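My notes follow in the order I took them.

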Amino acid sequence: MVTIEVNGRQIEALKSHTLLEALRRDGIDIPTLCHIEGLAPSGACRMCVVEVEGANGLVPSCAYPVQEGMKVKTHSPRVMEARKTIIELLLANHPDDCLYCARNDNCELQSLAALFGVRERVYKGDRNVHQIDSSSPSIVRDPNKCVLCGRCVRVCEEIQGVSAIDFINRGSKATVGTAFDQGLNVSSCIKCGQCILACPTGALHEQSYVGDIIDALKDPEKMVVVQHAPAISVTLAEEFGLKAGTDVCSLMTGVLRMLGFERVFDTSFSADLTIMEEGSELVHRLKNKGVLPMMTSCSPGWIKYVEQFYPEFIPNLSTCKSPQQMLGAVTKSFFAEREKIDPKKIYSVAIMPCTAKKFEAQRPEMGNSGISDIDAVLTTRELAELIRYFGIDMQKAQPSAADTPFGMRSSAGKLFGVSGGVMEAAIRSAYFLVTGNELQEIEVKQVRGLDSVKETKVDIDGIELGVAVVSGLNNAKKLLEQIKAGRDDLHFIEVMTCPGGCIAGGGQPLNADKKAIQARMKAIYKIDSNDAIRTSHGNEAVKRLYAEYLGEPLGEKSHQLLHTYYAKRDVIK
Amino acid sequence: MSVVRKILEKHSQPKRETLIPILQEIQEELGYLSREAICEVGEKLNLSASKIYGVATFYNQFRFEKAGLYEIQVCRGTACHVKGSASVLEALKQELQIEPGGTTRDGLFNLEVVACIGACSLAPVIAVNGEFHAGVSPDSIKEILNTYRERVVENDQGK
Ligand code: SF4
Ligand code: SF4
Ligand code: SF4
Ligand code: FES
Ligand code: FES
C-alpha cells in the first residue's frame, strides 16, 4: 500500500495499480475512452488526464503508475478544460445523428458531451464522410460515428485473435476499417460482436432484423414461432433496469406470447438434444479411434475461426449443429408434420445472445430441402427493442411456460449459457452413456467460473479423459498451437467464442462489467442447483422425440437433420 | 518463385521491423502492393492483412492498385488551391469514378494528388504522364481526358 494525495485528501492505493485504478477504487469518477478493463493501457485518447505535481504537463491516469506521496488533481480547471477540448474536437468530426442512432441514450460520447456541458458546435468545418459497411449479416460499421478510441481493434486482436479491423490512413483521414477497405463480409471477421460491446458509440452495432419480425408477425399466412437461448432469461432483465443476474424466464415467455409468437420454444431443450448427439459422438470417437480431441461446435464464431485460420482442425469439430439450428431443423420437420402445416409457412425466430448466430442461420448448409432451419435471429438487445416497440411492461406480463414439444429442458441444457457449461452437461451424460449409471459428483467445479482456460481430468469407467474449456478465441488459438506442437493429453475441448460464454455474448445488454457477468453466471448455476432434472439424458421430451421421430442418437434421421459439415474458408486474413 | 517470396527470402529474418522496407521493395518490383502480396507478407510475419494495410496506408508512398496507362497528377499546392484545384479534383473524381490512389476499371487512368509541381504560374495544373495542362477547370477536364482516350484508340488501330 502507498498513500497518495488526491484533491488535497490522502488516499490509500495498491502499488501495482495504475493511477486510474486507484482513483476509481476510491470512488472518484474519471472519464475514459480508449481504456479497456483487463487490457494493457494504450494511452491514446487522453480523456483520463489528471494533474500530477511535478509532472510535465497533464498525464493520462490510465497509463500512469501510482507513487508514494504523489499529489494529484483530478478535476482542476486545467484538467476539465483539456477533457472538454477533446470532446469538442471529437464532435467537430461527428455527425449530429443522435436521433437516428442505435446508441441514442446509451452512448459514451453523448454522456461525455453532457458531462462537460458541451452544448454547441465549437469547431466547424468539413467532416470526413465515410460509407457505412452493412455487408455483414451480423455487424454494421458506421465509421462516421467512430471516435478512434481503438477499443474494437484491440478486442478483435487481443481477445479474439482475429484482427479483422485496424487503424487505416493517418491524420484527419484516419479511420478504423478492414484490410483493403473491403466489406466486413469478406474479411476475417467471425461476427462475434465483441467489438460492439467494446464500442463507446454507435459506430458498431448489430444488423437489425426487428423490422423483418414485425412484418412476419403481421402476416396471417405465417406461423411465427420463437426459441430463446439459455443465456437470454438471465440477461434480458438488465435492459429494463433490473439487477444483473435476475432470471425472468417465465415472464419473458409470457411477453413473447403477447408479442404474437404462436409457439415459444426453449433452446435449452435442443441443447439437451445436442448433448445426446455430441455425447454419443464423443463416445463413438473414443471407442472407434476417431479424431481426437473432439471440439464443440455450438459457437458459430469459433466455427468460422477454425474454417479460416485452422482448417486442419476441421475433422476435430463435432459434426453436431448448434442448438439453435437443431431446434430450427426439428421445428420444420417433426413439428410441422405433427401440426400438419407446410414448413414453408413456419417463420422460425431465434433470440440469441450472439451476433454470429445471424450468420450461422444464413449458412447455406443450415437447412433441409431448400428450407432454412431458422428465418431470423434477434439479439437480446433487439428483443428488448421489440418489447418496447409494442409497449409491453415486462414486469406486468403473465408468467408462462414454454410450449410442447420443445419446451421442456433439463438444467444441463441451461448450462450452455456459460463457459464450461457444455462440458459439464456433456460429462454428466457421457458418463451415463458409457456406464449406464448417474455421475455421483454431478457438479464439475473445475470447469466452472470465469477463468478463460479451465482444464481437468474426468474418470469414466476407468477411462481417463482430458478435458479443456476455453473462451475468447485468442485462448483457443493458444490451445490449438499446443496441440499442433504435439500435446496429446486432451480428448474433449469446449470452445466458446465470447469470454465467459454466451452470458457475455456480443448480442447481450451493453455496459456489463465483470461483476454483472459474474451475476449472470451465478444465476445460471443457481437454476441448475435448484432443478429436479439436471441431465440431458433425463429430459423426457428429448426421449420422446427420439422414440417418436429421430430413432437414436447418430441415427439416420439425426444425421440428416442434426449434423452438418464444415469447409475451409478463404477470406482476407 | 513469386516476386514476394524472393523479397521475403532476401531478408534473412523478416521481422515486423522490416515490414516497411519489405513493402517498399515489393512496390518497387510490382509497382503497387497487391492484395496477394500483402497477405503473403502477413502470413510470413504473422501479421493480419488489416494490420499491414493499416501500416501501409499510414505512409503516403504506397499504392494498392496497379497504375493506369496514364497517371493523372492533380496539384494541391497553394497557388493551384487558390485557383480552384479542389473543384478540378472533384470533377476528375466524378468523371473517372475513382478516388485519389485509385485506378479506373478500364485501366486507363490512375489519379494522384501531389504537392506543388513547380508550375505555379500555370495554376491550376494537372500533369498526365508528365505532360502539363495549364489553367484547367472542371469544364475542360473531359476534353483533356478524351485526347488521351483517343490516343489509346489510335494506338490500337495502328497495331
Ligand atoms: S454515436 Fe452517440 S453521439 Fe454519435 S450520433 Fe450516435 S448517439 Fe449520437
Ligand atoms: S465481430 Fe468479432 S471478429 Fe468481427 S470485427 Fe468485431 S471483434 Fe472482430
Ligand atoms: S468503432 Fe467504436 S470502438 Fe472502434 S475505434 Fe471507433 S469508436 Fe472506438
Ligand atoms: S483512457 Fe487513458 S488515455 Fe484513453
Ligand atoms: S501550386 Fe500547383 S504547381 Fe505550384
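I began with the contact between the two chains: 16 residues come from chain A and 14 residues from chain B. I kept in mind that this is a predicted model.

Next I looked up the area. Chain A and chain B bury about 1300 Å² between them. Of that area, 56% lies on carbon and sulfur atoms. Which residues of chain A lose the most area to chain B? I found Arg170(A), Phe180(A) and Lys573(A), together 47% of what that side buries.

I then counted salt bridges between chain A and chain B and got two. I noted that Glu157(A) pairs with Lys51(B) in a salt bridge, with the closest N and O atoms 2.6 Å apart.

I turned to ligand 2. Around ligand 2 I listed Ile139(A), Cys156(A), Val162(A), Ile165(A), Cys189(A), Ile190(A), Lys191(A), Cys192(A), Gly193(A) and Cys195(A). Sorted by class, this shell has eight nonpolar residues, one polar and one charged.

Last came helix H15 of chain A, residues 473–484. I checked its length: at 1.5 Å a residue, the 12 residues should span 16 Å, and the end C-alpha atoms are 16 Å apart, so the two agree.

Which residues of H15(A) are buried? I noted Leu473(A), Asn474(A), Asn475(A), Ala476(A), Leu479(A), Leu480(A) and Ile483(A). Their cover includes helices H4 (151–159) and H9 (300–309) of chain A. Strands S12 (294–295), S17 (453–460), S18 (463–471) and S19 (492–496) of chain A are also among what covers them.

After H15(A) I found Gly486(A), with a positive phi near 115 degrees.

Note on methods
Residues are numbered from 1 along each chain as its sequence is written. Chains are lettered from A and ligands numbered from 1 in the order in which they are written. This is a predicted model: local features need pLDDT of at least 70, side-chain atom pairs count only at pLDDT 80 or more; totals for chains, interfaces and linings use all residues. Side-chain values use heavy atoms; hydrogens and water are left out. Helices (H or I, at least four residues) and strands (E, at least two) are DSSP runs, numbered from the N terminus. The expected span of a helix is 1.5 Å times one less than its number of residues. Buried means under 20% relative accessible area, exposed over 50%, partly exposed in between (1.4 Å probe, protein chains only). Contact means heavy atoms within 4.5 Å. A residue is near a molecule or strand if one of its heavy atoms lies within 4 Å of it. Ala, Val, Leu, Ile, Met, Phe, Trp, Tyr, Cys and Pro count as nonpolar, Asp, Glu, Lys and Arg as charged, and the others, Gly among them, as polar. Buried area is the accessible area (1.4 Å probe) that two parts lose on being put together, summed over both. A salt bridge is a side-chain nitrogen of Lys or Arg within 4 Å of a carboxyl oxygen of Asp or Glu.
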